[in-house]
Amino acid sequence: AALTIDESFELSKLASDYESYALECRDKFIVGDMDIEKDYADYEQNVRTMGLTRGIEIKQDAYDRYMQS
């Protein structure tokens with residue numbers, strides 16, 4: 001089953017936040033403005049707090065519905 005309209009809207013809203021941050025940090029890790037050893041745990045926590053965890057839940061719910069159909 002596909003995402004519901006509400007799920008799609010929520011996922012779109014969440015993803016715009018955490019994806020922008022993830023891309024920004026990716027670039028900082030590449031050029032050395034962030035240290036992968038020192039800063040990665042904070043980066044990961046921030047992405048999760050920004051909605052990644054909820055985004056995964058939404059996608060998992062849609063997948064579970066698909067598998068039950």
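## Helix arrangement

Helices α1 and α2 are roughly antiparallel to each other, because angles over 145 degrees count as such. The axes of α1 (residues 5-31) and α2 (residues 36-68) come within 10 Å and cross at roughly 155°; axes are lines fitted to C-alpha atoms over the stretch in contact, with angles running from 0 to 180 degrees between N-to-C directions. Helices are DSSP runs (H or I, at least four residues), numbered from the N terminus.

The contact of α1 with α2 comprises 14 nonpolar, three polar and eight charged residues, with Asp, Glu, Lys and Arg counted as charged.

## Basis of the model

This is a predicted model in which local features need pLDDT of at least 70 and side-chain atom pairs pLDDT 80 or more, while totals for chains, interfaces and linings use all residues. Residues are numbered from 1 along each chain, and side-chain values use heavy atoms, without hydrogens and water.

## Salt bridges

The structure holds six salt bridges (a side-chain nitrogen of Lys or Arg within 4 Å of a carboxyl oxygen of Asp or Glu). One of them joins Glu-10 to Arg-54, with the closest N and O atoms 2.9 Å apart. Glu-10 lies in α1 and Arg-54 in α2, so the pair ties together parts 44 residues apart in sequence. Glu-10, Arg-54 and Glu-57 are linked in a salt-bridge network.

Within α2, Glu-44 and Arg-48 are four residues apart, separated by about one helical turn, and their side chains meet in a salt bridge (3.2 Å, N to O).

How values were computed. Helices (H or I, at least four residues) and strands (E, at least two) are DSSP runs, numbered from the N terminus. Angles under 35 degrees count as roughly parallel, over 145 as roughly antiparallel, 65 to 115 as roughly perpendicular and the rest as oblique.
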